[in-house]
Amino acid sequence: MLLAKVATHYRKIRGTKTMKSLADAGLLDRINGSARLMIVSDLDSTMVDHDDSENLSLLRFNALWEAYYRHDSLLVFSTGRSPTSYQKLRNKKPLLTPDITILSVGTEITYGESMVPDTGWTHHLNRKWNRDIVVEETAKFPELAPQNFVGLLQSETQQRPHKVSFFVEKVKALEIMSFLSEHLEKRGLDVKIIYSSGIALDILPKSAGKGEALAYLLQNFEVDGKVPLHTLVCGDSGNDSEMFTIPKVHGVMVSNAQDEFLQWYKQNAKNNPNIIHATERCAAGIIQAIGNFCLGPNVSPRDIKDFKKCNVDIFSPGHEVVKFYLLYERWRRAEVDKSEQFVKNLKSGFCPFGIFVHPSGIEQPFHQCLDYMAKLYGDKTEHQFRVWVDRVSSAQIGSDTWLVRFYKWELSGDERQCCVTTVLMSLKQPDGFTWVHMHQTWLEGSRARDQTAWCF
């Protein structure tokens, strides 16, 4: 019903602005045909585990996605956070760059790294919505008054054109919601009031919300003949429940889902075989769901201890890049045995005459860089040191030659650096890929303080 309802409105509002947003982000032609898998995930306490200081489950998901899915699938983040709050989280956690971002509880949709806004969706939400009236009416409720500790207006960054948000205790929230809805209806507005996480009360246009936004996206893809083959929605709280009502999607409630969501599940979806309550927390629960529904590879490269003994029947540039940087991280963290054979195995994947262009501009032979890396064994054992790659893309430019581009991130203690990396690879079956040439440049604002310490 939700998808059909949005489709009816959507046909009225779809036009050149919506199409331009999709085109500007490159999503109309990035994938040839339908995406193999579209994952739509909440962030806080779903993709991101704030109790995991090492971010291990998130890093496991990152490696899985970039190795096996980035090239032909879509990653969508659907969050209650505003754009400002979302960027703060990205600066704090090792999040991948999504293809689509749904923000502010489904009131904003953006595309690509540059976050091109969907103006068609914005126009859609203006129907029977007036933010000034919402603010005026909420001010009449003592429980929502700024000076009242029972209800507090959320920070200014969380207030958006189609979203007015408060922090309210659960007992008071339930009392407020029905009365407030009546008040706003009498003023000619059509609104939706969502209570989640046991404290957050959001007032939105009736046609907004995470579920409505997802239905709108699916209708976009349907009109273009590019509906994803599979869609997996992931959440932990009440404002995620709408996504689970979309027909034909798979859904995973992570093990740490909140009581309000568990109650919704018992009442509405307990007998739905396409929705599971995972036994794993956060991103680990998402990986579990991929395996449960047989949506594709579900063993993260981070979970593979010995790649030589693991028969991975996948020859892809993405997998090659993820594998190398995992081995690089393990070497510097002393998580593998210090041996000449380990370094020899790494060298076998690089062209003997290949060149590495350091982000400082200095050119060095690959073998010289690998010899330098060999001396760094265990130098990061006393630091929180992690490496991950983002936005891996590749193009076959010859019968056995590939041009690969990605963002390579390093976290060492409190310092994060990133290089935009381009690699020329050749494929020699059955041996795999050989790195022929590599060039790195610093991402703006991510230059290392000590450039001489940067290796690969």
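Trainee: What is the relative accessible area of Asp-303?
Mentor: Asp-303 has a relative accessible area of 34%, so it is partly exposed. That class lies between buried, under 20% relative accessible area, and exposed, over 50% (1.4 Å probe, protein chains only). Please note that this is a predicted model, in which local features need pLDDT of at least 70 and side-chain atom pairs need 80 or more, while totals for chains, interfaces and linings use all residues. Residues are numbered from 1 along each chain as its sequence is written, and side-chain values use heavy atoms, leaving out hydrogens and water.

Trainee: Which side chain meets Asp-303 in a salt bridge?
Mentor: The partner is Arg-60, at 2.9 Å from N to O. A salt bridge is a side-chain nitrogen of Lys or Arg within 4 Å of a carboxyl oxygen of Asp or Glu. Arg-60 lies in helix H3 (residues 56–68) and Asp-303 in the loop between H10 and H11, so the pair ties together parts that are 243 residues apart in sequence. Helices (H or I, at least four residues) and strands (E, at least two) are DSSP runs, numbered from the N terminus.

Trainee: How many salt bridges are there by this rule?
Mentor: The count comes to 26. Another one joins Glu-329 and Arg-302, again at 2.9 Å from N to O. Glu-329 is in helix H11 and Arg-302 in the loop between H10 and H11, so this pair links parts 27 residues apart in sequence. Glu-329 is buried at 1% relative accessible area, and Arg-302 is buried at 11%. Salt bridges with shared partners join Glu-54, Arg-302, Glu-329 and Arg-386 into one network.

Trainee: Changing topic, what is the strand order in the open sheet of eight strands?
Mentor: The order is E5-E4-E3-E2-E1-E10-E11-E12, with mixed pairing; two strands pair if DSSP finds at least two bridges between them. Strand E5 (116–117) and strand E12 (275–277) are the edge strands, each pairing on one side only.

Trainee: Which helix packs on the sheet?
Mentor: Helix H10 (residues 282–292) does, touching strands E1, E10, E11 and E12. Contact here means heavy atoms within 4.5 Å. The direction of H10 makes about 150° with that of E10; axes are lines fitted to C-alpha atoms, for helices over the stretch in contact, and angles run from 0 to 180 degrees between N-to-C directions.

Trainee: And in helix H12, which residues are buried?
Mentor: In H12 (residues 340–347), Phe-342, Val-343 and Leu-346 are buried. They cover an arc of only 95° around the axis, which puts them on the same side of H12; the arc is that of the directions from the helix axis to the C-beta atoms. Glu-340 and Lys-344 are exposed on the other side of H12. The buried residues of H12 pack against helix H11, strand E13 and helix H13.

Trainee: Where does Ala-334 lie?
Mentor: Ala-334 lies in the loop between H11 and H12. It has a positive phi of about 60° although it is not a glycine. Most residues other than glycine have a negative phi.

Trainee: Lastly, is Met-425 buried or exposed?
Mentor: Met-425 is buried, at 0% relative accessibility. It lies in strand E17 (residues 415–428). Met-425 and Trp-402 are 23 residues apart in sequence and 5.1 Å apart in space, C-alpha to C-alpha.
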